[in-house]
Amino acid sequence: MKILKRIRERGLHWFIETIKLKITFFLNNILYYFFSILPINNKKIIFESEGDLSDNSFALYDYMLKNNYTEKYKFIWAVDDIKNARKFKFPQTVFINRKYGIFDLKRAYHLATSRYIIFDHYNILSNVKKRRNQIVLNLWHGVGYKAIKNGKKVKEKSTFDFFDTLSDKLSLEFLKDFLECDPSKGVVLGYPRLDYFFRDNLEGKKFVKSLVGDKNKVLLWMPTFRQSINPELSEEYDYSETGLPIVYTADAMIKLNDYLIKENTTIILKIHHLQAKLPIFKKEFSNIILMSDDDLRDNNVQLYQFISQMDGLITDYSSIAIDYLLLGRPIIFTLDDYEEYEKHRGFYKKDIKKYMPGEQVYNYDEFLIAIKNIIDNKDLYKEDRTKILPLYHKFKDGESSSRVLKFLKIER
């Protein structure tokens with residue numbers, strides 16, 4: 001029998017945990033359908049994000065808090081760490097378990113009786129059939145360059161009613177393919193998190209100042225975490241001491257830090273938490289600062305409040321480059337593994353480099369030249385960014401949160 005074979009392969013513990021998970025799912029579903037006999041509350045909104053209280057969902061929620069929507073609406077946040085979330089003492093806000101494998105009566109009640117479910121990573125209504133008058137909005141979390149790599153399609157009992165995107169051109173085209181849905185579900189409203197780019201963001205300024213002091217320039221480096229392109233080429237730099245593109249060794253890191261000291265410049269390096277465990281990052285560098293989501297959370301700063309304070313961006317194939325276009329500042333693309341990446345993972349378009357308006361560097365020397373250009377205020381790709389921007393962004397006004405709420409007919 002298949003089940004006995006799996007128990008032999010994976011162990012009895014796996015079997016017991018699987019049974020417990022199935023029972024939990026079943027009980028959660030029963031509770032949801034039980035509470036579905038109750039009327040829907042048109043003033044209740046559920047939010048979800050990957051990384052508690054973050055990304056597009058939090059930016060929209062933050063806007064509502066600051067504009068007195070608490071007088072009419074009640075908010076429910078699906079989070080991984082309820083205890084930590086409660087520390088913030090947000091008004092009119094209840095916390096529920098984000099993971100469906102945890103038994104939660106309160107979650108079932110709110111899922112069944114909330115009018116709006118707004119998420120940017122995981123649709124928490126996917127395990128049950130949504131009620132007729134509920135509205136599910138997928139804010140999503142980025143439009144990128146990578147090829148769409150859809151595996152086995154997971155069948156959901158409820159899918160989203162609409163997905164938010166940045167433009168009716170490349171952004172809509174990419175997301176409707178990535179999400180495998182009809183483009184008519186796409187609504188061009190802009191991402192709420194990008195509204196932070198158009199505000200003063202005193203929180204972000206204070207935090208960056210505390211990190212770097214009075215440095216001449218501050219650059220943000222956000223490389224893509226390479227994990228499992230395929231069995232032949234893992235999306236990891238196993239041969240590298242740093243796990244980084246371009247700067248492969250500890251000696252190269254020291255050399256880069258020395259250069260940055262000379263130029264009175266800091267690079268803030270935001271990498272995957274697994275990558276941060278490499279021995280090289282146990283060493284402290286004066287002008288290369290490691291940044292994590294926990295650091296931002298502990299200082300009550302959202303990622304995009306932080307990004308808005310950077311003088312330039314270093315990245316590769318990440319969607320952050322497309323968001324950063326709105327700031328009109330220089331971008332460096334590290335493309336040293338471009339051919340391998342194209343061969344094994346691929347890109348959304350064959351001529352994808354045309355959509356990367358910035359210095360495209362392939363080795364360490366080119367990397368330093370590109371950094372020096374930013375330090376010296378040589379913006380060589382301003383015109384290219386201006387041409388590409390409308391393909392990805394319809395709006396440049398910091399009013400995305402307002403548009404989302406108007407679309408949903410959520411009024412103060």
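**Figure 1. Buried residues of helix α13 in the predicted model.** In α13, the residues Y364, F367, L368, A370, I371, N373, I374 and I375 are buried (under 20% relative accessible area, with exposed over 50% and partly exposed in between; 1.4 Å probe, protein chains only). Their cover includes β8 (217-221), α8 (250-262), β9 (265-270), β11 (312-315), β12 (331-334) and β13 (359-361), where contact means heavy atoms within 4.5 Å. The model is a predicted one, in which local features need pLDDT of at least 70 and side-chain atom pairs count only at pLDDT 80 or more, while totals for chains, interfaces and linings use all residues. Residues are numbered from 1 along each chain as its sequence is written, and side-chain values use heavy atoms, with hydrogens and water left out.

**Figure 2. Span and ends of helix α13.** Helices (H or I, at least four residues) and strands (E, at least two) are DSSP runs numbered from the N terminus. Helix α13 (residues 364-375) comprises 12 residues and reaches 17 Å from its first C-alpha to its last, close to the 16 Å expected at 1.5 Å a residue; the expected span is 1.5 Å times one less than the number of residues. At the start of α13, a side-chain oxygen of N363 comes to within 3.2 Å of the backbone nitrogen of D365. Just after α13, N377 adopts a positive phi of about 60°.

Figure 3. Seven strands in the order β3-β2-β1-β4-β5-β6-β7 form an open sheet with parallel pairing; two strands pair if DSSP finds at least two bridges between them. The edge strands, β3 (93-97) and β7 (186-188), each pair on one side only. Strands β5 (residues 135-138) and β6 (residues 162-165) pair in the parallel sense over two bridges, and F162 in β6 is the bridge partner of L137. Helix α6 (residues 170-178) packs on the sheet, touching β6 and β7, and its direction makes about 140° with that of β6 (axes are lines fitted to C-alpha atoms, for helices over the stretch in contact; angles run from 0 to 180 degrees between N-to-C directions).

**Figure 4. Aromatic pairs at F347.** Rings of Phe, Tyr and Trp (its six-membered ring) pair if their centres lie within 6.5 Å; planes under 30 degrees apart count as stacked, over 60 as edge-to-face and the rest as tilted. Y317 and F347 form an edge-to-face pair, at 5.1 Å centre to centre and 65° between the planes. Both Y317 and F347 are buried. The ring centres of Y338 and F347 are 4.9 Å apart and their planes lie at 10°, so this pair is stacked.

How values were computed. Polar contact = N/O pair within 3.5 Å; in protein donor to acceptor, adjacent residues only side chain to side chain.
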